[in-house]
Amino acid sequence: MIFGASGDLTHKKLMPALYALMLRRLLPVRFAIVGVARTAGDDDSWRAEMQQAVRDHARDEFRQDVWDELAGSMRYVSTDFADDGGEDRLEEMIARCEKEKDLGGNRVYYLAVPPAAFPTIVEALGKRTDQQGWTRLIVEKPFGHDLDSARELTALLRAHFDESEIFRIDHYLGKETVQNMLALRFANGIFEPIWNRQFVDHVQITVAESIGIEGRAGYYESAGAIRDIFQNHLLQLLALTAMEPPIDFTSESVRNEKVKVLRALHTPGPKSVVRGQYGRGFVEGEEVSAYREEKGVAADSTTETYVAAKLYVDNWRWADTPFYVRMGKRLARRETTIAIQFKRAPHPPFEEAAGDGLRPNVLLVHVQPDEGVSLAIGAKVPGQGMQIRTVHMDFLYGGAFRTGMPEAYERLVLDVMLGEATLFTRADEIEEQWLLVDAMVSAWQRDRPGFPNYAAGSWGPPSADDLLHRDGRSWRRH
Amino acid sequence: MRTSVMTHLAWVPEAWLERAREALSGMDERHPSRTVILVPEPHAGDGRLDASVSLVSFQVPDADRRMVSEVIELRLVGPRAQAPASVVEPLLISDLPVFLRWRGEPPWGAAELEQLVQVADRLIVDSTEWEDDLTHAYERLSELFERAAVSDIAWARTSRWRSLLAGLWPEIASVSNVRVHGTLPQTLLIGGWLRSRLERDDIRVEHVPADRLEGIDLDGSPAPFPPGDLPLPSDVLSDELDRFARDPVYEAAVRAT
């Protein structure tokens, strides 16, 4: 069941993901998809709309036979749950599907709706959990807007569902390259021994977008970069980078280790956090407006569209090793990377000039685009004398594997069906994330930022550069 | 095999396009790179980007394999020419150095130059391509030294002669009149080089126009001709792409012109 069946997420991600799973014969033999939304409509109008969505957004070529098979299992119910009639219609539809298709009673509920709609739907579903088989509930972010509201949401979900039935989606965890961080670290013997404060100088995590807020002013004005990216995606990337080896790859083991990292994160002081908001500037040669000029944004908005921070993971492995993180809208390019910068060689026995153009070793994980891993090493330039230059050993997904990269949602939706929760966020992780965010945000209440402080299309405010320059370091440039 | 050791940006107004393409051919073997050629057309009407992307495949010398590098040609039409850095940023290869070859005389102080210098690790010019008041141009160029490493192909072309003159030490230390048969930039740069190396500002330089550096007279008597052949344009550019750090000798020569 998809709640929010006429929404953006269903169009752009869910339906294309289901189509891709269908094409690869990864869906169960017997299944039904019931779309639920407020929009008036029937099975046929929803199928037509979804067919277009698949044509527009699927990564595979459109095949009519595959689509027909999928569409044959699709039903639509229009309701806003304001009255019991809606719930009854939905229940009838489900009963009919289960009977027609001889389904075993297993259900996946996908809440692709704004958080305000959660309580009504969750309660309606909770009242009717008397069926056979398992029930799984997929929840989309935002998981609250602070610690208190996150706890309320957890309480609401837990009143009707067990934690093991709740799947909180962070689509970054569905990305191949993010999961590859675990493979890189724990399937290789050579990285883990140097993955610590003795060898790592610092870590840089960048989540940069070149797009603006894309008409989502209502959401973004109250969220800002810290709730949109930092609280979830960024802290998850950091946790996977810094976590201890789990004893096995089960969901509880992996999430136990992640939550330890989140708990060990030191709350950064005001001097270790930089926030920014974009002004006018250029993206791809075209002038774009300032954040405050976007439709639906207050002319004196103090919402941040950029955050940079210096974080410390206070544990044995990482003590005194800074994790510099930055994220923002309207930056120079779209790029998500994790860069592990290692310490310099202690005593290079070469003349100083030999190393012009030599940088420290960096292990760079490209999460997107150009997915892959690259290791920067110094190598001798062929010819006379001893000239050393940085070269890269690259692993590119596109070059090493012939199969295409699955979309994050394909992987995650399939995982829910299989009951595999490793790549989903547990309630205690969410709480730890909010504890940190709340502490950072409360420091912001006390002053009025001088926004805008960076031009659209740049790499963020100058104060973010100072954050690293103070430590004698600098951001990776591109 | 697809590979790159740098991103090579080239700012190429239409008039220079053919020459720029010629210099590129033959260079890829030594510097497999992603080349982004920017052709500004600020007065050509509505804002538009025209792009063509090509893959250049070439045989690796003495090996049984081929390499592929990428050439992206972008026409920045109308207002799109005013913020070129925002166009190239997404095209830079992560973590590799960026070289910027500027064809013609850079528009000193203009936004497009400032922006692209900001993105680049090294700026490569050829002052032979400049027309106006060279003394003024060198002064403006020297203002960029603190922000990017700068190479001048006109300077690179004096390399053989500089080695030769250096070989004339210690007699050359007392030279007072230098007559250069060559281009004006070469004349000025050799003069600046001698003044800065010898720490003397009383060396007079005389220019006898020629298309290329044909000879140097020291106090009236011609210096011997340096050995070796003239390097090809792609070789000269290629040599400059091997350099990463600032060139203090060149910088001092420019300041002493």
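These legends describe close-up views of a predicted model.

**View 1. The two domains of chain A.** Chain A is divided into domain 1, residues 2–168, and domain 2, residues 173–469. Their C-alpha centres lie 32 Å apart. Where the two domains meet, 25 residues of domain 1 are in contact with 21 residues of domain 2.

**View 2. The side of domain 1 of chain A that touches domain 2 of chain A.** Helix H1 (8–23), strand S5 (135–139), helix H6 (147–160) and strand S6 (166–168) of chain A each supply at least two residues here. H1(A) gives the most, with 7 residues. By class, this side of domain 1 has 14 nonpolar, 3 polar and 8 charged residues.

**View 3. Contact between chain A and chain B.** In this view, 19 residues of chain A are in contact with 16 residues of chain B. On the chain A side, strand S10 (281–283) and strand S15 (362–368) are the elements that give two or more residues. The largest share, 3 residues, comes from S15(A). The chain A side divides into 6 nonpolar, 7 polar and 6 charged residues.

**View 4. Strand S4 of chain B and the strands that pair with it.** Strand S2 (residues 34–41) of chain B pairs with strand S4 (residues 66–77) of chain B in the parallel sense, over 8 bridges. Within this pairing, Glu41(B) has Val77(B) in S4(B) as its bridge partner. Strand S3 (residues 48–59) of chain B pairs with S4(B) in the antiparallel sense, over 12 bridges. Val53(B) stands opposite Ile72(B) of S4(B).

**View 5. The hairpin of S3(B) and S4(B).** Between the two strands are 6 residues. In the turn, Asp62(B) has a positive phi of about 60°.

Methods
Residues are numbered from 1 along each chain as its sequence is written. Chains are lettered from A and ligands numbered from 1 in the order in which they are written. This is a predicted model: local features need pLDDT of at least 70, side-chain atom pairs count only at pLDDT 80 or more; totals for chains, interfaces and linings use all residues. Two residues are in contact if their C-beta atoms, placed from the backbone, lie within 7 Å. Helices (H or I, at least four residues) and strands (E, at least two) are DSSP runs, numbered from the N terminus. Ala, Val, Leu, Ile, Met, Phe, Trp, Tyr, Cys and Pro count as nonpolar, Asp, Glu, Lys and Arg as charged, and the others, Gly among them, as polar. Two strands pair if DSSP finds at least two bridges between them. Domain bounds come from an automatic or database domain assignment.
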